[in-house]
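Student: I would like to learn how to read the aromatic rings of a protein. Could we go through them step by step?

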Amino acid sequence: MKLNTVPARQGLLWAQQGVRVFFRRPLAYTALFATFLFGAFVLALLPIIGPVLSLMLLPLVTQAFMLATRIVVDGGVPTPMVLVAPLRVDRPRVISMLWLGAIYAVTALGALWLSGIVDGGALASLMEGVPEGPNAAEAMAAKFAAPGLLSGLALRLGLTGLLAIPFWHAPALVYWDGQRCAQALFSSTLACWRNRGAFMVYGAAWFALVMAFGMVANLVLAAIGNSQLFAVAGLPISLIITTVFYASLYFTFADSFSPGETAP
């Protein structure tokens, strides 16, 4: 594959293309994401090994959504079976895919472990939910004011962002170009660095979309006098936004890489 350099404004186009391709096949994308969520829920029921397997599958899920978008762009309709397509290739590419998943799981767990040390378990305590009893408000306020919570969250976000860079294009490079695991990770890092302006605009576009949705939803629900509906409507809409984001991943790869002169 030939590495391309794109202008920063291309990042906005990637987000727009993701929105447009999603609305060409909204039911197909929704079914694909729902199948992924159901599989993740089933794996979460398995003690210890379940969360590890869920992390290992994330690079495969990324590639599955890229394949789904490729199918839609070509005029087809993707089905949930596309989730297993990254493993229906020749043996060397399957091995590289599995290595990607294993490395991602190990590094992600390491990042979570390090962040947990920094925040002293403050985030885990916060995720336990709202405490009960007459002093529930004070207890919840104490959780938010726990020392290390903000630094732990900042470290999680930073490490997650750094981890995404080598794995952004790596599954696609293994699947479509036959690169080995280490080569794909290096090529992905290089592509993200060379197109860092476009990826910054891309990330800003998605952040602006999420913030705009939150503001509009709050204004509308406040106007009708039922702001409690935000918690009900917010979850499905956030899942749709996440699905649209995954649908846009293919365009970041297609513009960052193109077939070389000797590619079949």
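This is a predicted model: local features need pLDDT of at least 70, side-chain atom pairs count only at pLDDT 80 or more; totals for chains, interfaces and linings use all residues.

Student: How is a pair of aromatic rings described?

Tutor: A pair is described by the distance of the ring centres and the angle of the planes. Rings of Phe, Tyr and Trp (its six-membered ring) pair if their centres lie within 6.5 Å, and planes under 30 degrees apart count as stacked, over 60 as edge-to-face and the rest as tilted. The structure holds 22 aromatic pairs. In one of them, phenylalanine 22 and tyrosine 29 are tilted, with 5.9 Å centre to centre and 35° between the planes.

Student: Is tyrosine 29 buried or exposed?

Tutor: Tyrosine 29 is buried, because its relative accessible area is 0%, where buried means under 20%, exposed over 50% and partly exposed in between (1.4 Å probe, protein chains only). Phenylalanine 22, at 5%, also counts as buried.

Student: Where does the charged end of arginine 196 sit?

Tutor: A charge sits over a ring if NZ of Lys or CZ of Arg is within 6 Å of the ring centre and within 35 degrees of the ring normal. The charged end of arginine 196 sits over the ring of tryptophan 193, 4.0 Å from its centre, and that of arginine 93 sits over the ring of tyrosine 175, 5.9 Å from its centre.

Methods:
Residues are numbered from 1 along each chain as its sequence is written. Side-chain values use heavy atoms; hydrogens and water are left out.
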